[in-house]
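This report describes selected features of one protein chain. The sequence and the model are shown first, and the description follows.

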Amino acid sequence: MYKLLISIAVLCVSAFSPAIYANDWDIKQILVLHSYEPSYQWTADFQKGIDSALEHSQSEVKLSIEYLDTKRIHSPQYYESLANYLQAKYAGYEFDGVIATDDNAANFLESLSTLIDRSTPVVAAGINDISTDMYAVTDRATVLYENDHIDINIELISQLRPNIKNLYFVNDYSVTSQLIRKEVYKVMADFPEINLVEISNQTLEQASQFLQTISADDTVLLSHYNTELTQGVYHSYKEVAETLSASSAAPVFALWQFNILGDVFGGYVNHSQSMGEEAVDALDKYISLNFNTPLVPGDNIRFVFNYAALEKFGISESALPEESVVVNEPSSFIRKNFQLLIGLTMVIAGLSLIILMQFVTLRQKKELAKKNKRILALQKQTLNVQKDMIHVLGEAIETRSGETGNHVKRVAKLSALLAKHSGLSHREVEMIEIISPMHDVGKISVPESILDKPGKLTEQEWEVMKLHTTAGYNLLKSGAGDITNLAAIIANEHHERWDGAGYPNGKVGEEIHLFARITAVADVFDALLSARCYKEPWSLEMVVDLFERECGYQFDPQLTKLLLKHLSEFVAIRDTYPDNGTFEASSLENLTTKKSELKAIEELAVN
């Protein structure tokens, strides 16, 4: 049993292992080797460019970032110790690619042969030594050379400083500075009228004091400057740039944008962030990084000038090359808060528009409310006229059969009261009060000889009488709207019985519409208590006895119980509308009048 379980477990692990390994294989392991420390702005911008480029990669990338800090220390013993440390740290790692920034890191890669084999892609970026090709390290290499454009910068200096006699080149003995030094001497051969003065052996303080004494017509070109490392003194690029530019009597030009601090004038400068993006783009040619959109590195070199230095040396922006960028410019309140002001303006405009729209909307609502109020009044008046017409018509029909006109009024009130106790809505209670008087409208088709017969009807006469339900339905069903449709249903079903023994369709229980069941209870209750041509009025006790007997047979049991429970309220309605004995002839005139009123109201509503 245990062997079987172990076998199943092994199979499950084996089944999932390829997926796990596949995920591991998808991770791109990249070593990033920087020549300098992370606080060095050039290096920080380089890494920012690498990170920003990889944000667009759909592959999972793991960076191993190392900073050699070779501006602070660069002895052979240090490089040897560093190589041993990194080879021990990354023993067993297989890097998919390597990015080395600046010359020292590129040269150092030869010491990491156990980590980088001949097939490992290597991109060396920001390289000043044009002899560097990286093929001593790998067969798959790309070198992105840093072109500081010394020629363009010296040409720029000669144009902006037409009276220059001396160019003071401030540099140290670092690898980068020495490579730039060679390029400066090469370019200066084309400018014999300018005397090149090199400052490379003085301390930062001495160089600062010296630059205070030079002519304002001359110019300073700043490279790297850390000449006191053997004494254990290291100056940050920020300290060097701000100290020398503050002291110099002449403008200080720079080759890199991170040096434009303090009163450094500027120049045609490199920007390492774009170089970092270029390095990632070059690495993508060897290992697919799956960019969701084509990677487009930014412009890594451009004319950049310091506003404070332009003001200090009285150089107009109009004298600068086209497409120059001026940094550190103090902005006016409007310029400084331009976006905020635009936002506020848009908010104010938006609020004003909203207020205007609200005003228009309120005005329209007010007008609409007036119209709605008028329409509601007309609707109410129309409903009242319709209600009166129904009552008059109902009275005429009931009187034709020898019944009093107040019977239909009582049926309406009794039906409404029973509907209210049944829990119907206000609209439903109002509706049944309007349409219940039409329950016997079909009697208009029954001959008067049958309607007024004082004795018992024959079988044939009774069949004719029963047809008044269907006749009433057919008369009302052709109308449009809820009122006539519901009135047609009541006319057709008010003689149906709960037990199915009624007519015309023999419906049972809740198959009968609730309005018809309510009207049936109200109609029989009032009819039994009233005198007819064929009977005397019943006593209340006899009526109660009948409803108790027919509860659940002829009548809806719940409605019957509600009638008996609230009997006094139903009796009160009969007392409010007593029989007057005769039907007034003026009722027909009233019907004609109501029709005229209804027509007038409809015309008013249309207008």
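How are H13 and H18 oriented to each other?

## Packing of H13 and H18

The model discussed here is predicted. Helix H13, residues 406–421, packs with helix H18, residues 514–529, at an angle of about 130°, and the two axes are 8 Å apart. Angles under 35 degrees count as roughly parallel, those over 145 as roughly antiparallel and those from 65 to 115 as roughly perpendicular; H13 and H18 are therefore oblique to each other. The crossing in which H13 passes H18 is right-handed.

On the H13 side, the contact involves His 407, Arg 410, Val 411, Leu 414, Ser 415, Leu 418 and Ala 419. These meet Ile 518, Thr 519, Val 521, Ala 522, Asp 523, Phe 525, Asp 526 and Ala 527 of H18. Sorted by class, the contact of H13 with H18 comprises nine nonpolar, three polar and three charged residues.

## Packing of H19 and H20

A further helix pair is formed by H19 (residues 540–550) and H20 (residues 557–565), whose axes come within 10 Å and cross at roughly 155°. H19 and H20 are therefore roughly antiparallel to each other, and their crossing is left-handed. Val 544, Phe 547 and Glu 548 of H19 make the contact with Thr 560, Leu 563 and Leu 564 of H20. Four of the residues in this contact of H19 with H20 are nonpolar, one is polar and one is charged.

## The parallel sheet

Five strands form an open sheet in the order E2-E1-E3-E4-E5, with parallel pairing. Strands E2 (61–67) and E5 (141–145) stand at the edges and have a single partner strand each, so one side of each is left without a neighbour in the sheet. On average, and with direction ignored, neighbouring strands of this sheet are turned by 15° against each other.

Within the sheet, strand E3 (residues 97–101) pairs with strand E4 (residues 122–127) in the parallel sense over four bridges. Val 98 has Val 122 in E4 as its bridge partner.

## Helices on the sheet

Helix H2 (residues 41–54) lies across E1 (28–34), E2, E3 and E4, and runs at about 175° to E2. Helix H9 (residues 272–283) also packs on the sheet, where it touches E1, E3, E4 and E5. The direction of H9 makes about 155° with that of E4.

## Annotated transmembrane region

An unreviewed UniProt entry places the feature "transmembrane region" at residues 340–362. In the model, the span of residues 340–362 is 100% helix and 0% strand, with its end C-alpha atoms 32 Å apart.

## Backbone exceptions

Most residues other than glycine have a negative phi, and most peptide bonds are trans. Asp 102 is not a glycine, yet its phi is positive, at about 70°. This residue, Asp 102, lies in helix H4 (residues 102–108).

The peptide bond joining Tyr 503 and Pro 504 is cis, with an omega of about 15°. Pro 504 is located in the loop between helix H17 (482–493) and H18.

Key: Residues numbered from 1 in each chain as written. Predicted model: local features only at pLDDT ≥ 70, side-chain atom pairs only at ≥ 80, totals over all residues. Heavy atoms only, no water. Axes fitted to C-alpha atoms, helices over the stretch in contact; angles between N-to-C directions. Helix = DSSP H or I, 4+ residues; strand = E, 2+ residues; numbered from the N terminus. Left-handed = near helix turned anticlockwise from the far one by under 90°. Contact = heavy atoms within 4.5 Å. Nonpolar A, V, L, I, M, F, W, Y, C, P; charged D, E, K, R; others polar. UniProt positions renumbered as here; feature names shortened; annotations may be inferred. Pairing = 2+ DSSP bridges.
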